[in-house]
Amino acid sequence: MNFPLSLSDISLWFAVTAIILLITSELLLSLPEYSAQFMIDKKKLRLAALGCGLAFLFTVLIRI
Amino acid sequence: MSQNPAEKPKSEKPKRKIRRSVSSLIAVTFLVTGILALILAVYASSQILAFIGLGVTFWGALFLFITPVRYVESSLLTSTAASMYSTIDRIISDFKYAGKGYYVPPYPQEAYLPEHLKGLKDTIVFIAAQKNDTMPSIEETAQGKFLLTNPKGILIVPPGLGLLNQIKKKIPATKIKLNELCEVLPRIILEDFNIAKDLTMHTEADRVKLTIHGSLYKNLYNPKNKLKSIYILGCPLTSAIACTLAITTGKAVTIQKTIIYPGGSKIDTEYQIMQG
C-alpha cells in the first residue's frame, strides 16, 4: 500500500496548478473593473499561487 | 394577550440557524471527495485516482482559503451615507449658507502642537456662509468649534474621513508628491477597495481633475435624493480624495465643479488647490 505518485508526478502537478493559479490571480489583480464581480480574496489567491510555485521549485531542488 | 418570546411551547423544537455560504459547502464537498479519492488511490494503487484526489482536495482547500470574510450589498453604502448628507443639507438651508466647502489640511499627528492648538490635527471641512468668504483663522479652527462667526460658516467632519483613514494605512499622504499621489491613489481605490470601476486623476496647475466610472456612491448624486451638500462636499469617495489632496499639498482644497453623466455612470470632479 504505497502512495501511487512519485516526486516527478507531484512536481508536474504543482507546476500545472501554479501556472493556472498565477495566471488567474494576475488577471484578477490587473483587471479590477471585471474582478470586482468575483467575491474572493484576491490577495489570498495570489499567496496560494506563489505557494504552489515555490512548492514546485522545492520539488525541482530535491530532484537535482 | 401578550406572550413572552422566551416562553416557547414544549412541542416546538428549537430551530438551529445554519448559515453556511454555498461556496463553503462546495469547498467542504470537494475536500471530503478528494480525501476519499486519495485513500482509495492508496488502496487501489491507482495513479489517476491519486491525481484526481490531489486536485480535488487542493481546490477544496483553496475555495475555503479564498472565501472572503464578509461582503455587504453596495447599495447599503449609499443608503447609510444619505442620512448624513440630509442632515448637512438641513443645517446649510437653515443658516442659508451658499459658500464653498474648504477641506482644511490637518497638521501631522506626530507634530508637536501646544494644547490650545491640538484641534489643528483634526481633518475638517469649512463650509462658508458666503461665496467670497475666506478661510477661518488658525485660532478659530483650533478651538474645535462647530459654528464660526468670523468668517461665518460651519466646521464639520468630512464625509470621506472613514475612507481617508483606510487610505492612510496604504499610503503616507504627507510624504509623497502630488504627481505621485495621482498615480498611486487610483490604484489603491480600485484594487484594494473596489469602490469604482475606473478612476483617473491628473493635475493642471492648481487644479486636479478626477474622473470616476461606475462609482458605488453614484446614487447619492441622483436628483431624486435632492441632496445639495453632495455638490459642496462630494460623495465619501471624492471627499476622501479631497482630504488626501489637502494633506499632500498642505493647502486647502475645494470642489470646484462636479459633472454627473446620465445614470451616474461617469462623475467628473474638479478640485482647486487654494493658494496662500
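Me: Which residues have the most contacts inside the largest nonpolar core?

Reply: In this predicted model, the largest nonpolar core has 52 residues, and those with the most contacts inside it are B:Y103, B:L237, B:A242 and B:A246. The largest share of this core, 8 residues, is contributed by helix 8 of chain B, residues 236–249. Apart from that core lies another, of 19 residues, including A:L21, A:A48, A:C52 and B:A50.

Me: What does B:Y103 touch, leaving aside residues up to four places away in sequence?

Reply: With those sequence neighbours not counted, B:Y103 touches B:V125, B:P158, B:A242, B:C243, B:A246, B:A252 and B:V253.

Me: What makes helix 8 of chain B mostly covered?

Reply: A residue counts as buried if 20 or more other C-beta atoms lie within 10 Å of its own, and 13 of the 14 residues of helix 8 of chain B are buried, so the helix is described as mostly covered.

Me: How do you know that the span of helix 8 of chain B agrees with its number of residues?

Reply: At 1.5 Å a residue, its 14 residues should span 20 Å, and because the end C-alpha atoms are 20 Å apart, the two values agree. Just after this helix, B:G250 takes a positive phi of about 75 degrees.

Me: Why is A:L54 called exposed?

Reply: The cut-off for an exposed residue is 12 or fewer other C-beta atoms within 10 Å; A:L54 has 12, and is therefore exposed.

Me: How many residues of chain A are in contact with chain B?

Reply: There are 17 residues of chain A in contact with 20 residues of chain B. On the side of chain A that touches chain B, helix 1 (7–30), helix 2 (32–35) and helix 3 (42–63) of chain A are the elements giving two or more residues, and by class this side has 12 nonpolar, 2 polar and 3 charged residues.

Me: What makes strand 3 and strand 5 of chain B edge strands?

Reply: The open sheet of chain B is formed by 8 antiparallel strands in the order 3-4-2-1-7-8-6-5, and strand 3 (147–149) and strand 5 (198–204) each pair on one side only, as edge strands. The twist from one strand to the next averages 25 degrees.

Me: How do you know that strand 1 and strand 2 of chain B pair?

Reply: Pairing requires at least two bridges; 4 bridges join strand 1 (residues 101–104) to strand 2 (residues 124–128) of chain B, so these antiparallel strands pair. B:Y102 stands opposite B:F126 in strand 2 of chain B.

Conventions:
Residues numbered from 1 in each chain as written. Chains lettered and ligands numbered in written order. Predicted model: local features only at pLDDT ≥ 70, side-chain atom pairs only at ≥ 80, totals over all residues. Core = buried A, V, L, I, M, F, W, Y, C linked by C-beta atoms within 7 Å. Contact = placed C-beta atoms within 7 Å. Nonpolar A, V, L, I, M, F, W, Y, C, P; charged D, E, K, R; others polar. Expected span 1.5 Å × (residues − 1). Axes fitted to C-alpha atoms, helices over the stretch in contact; angles between N-to-C directions.
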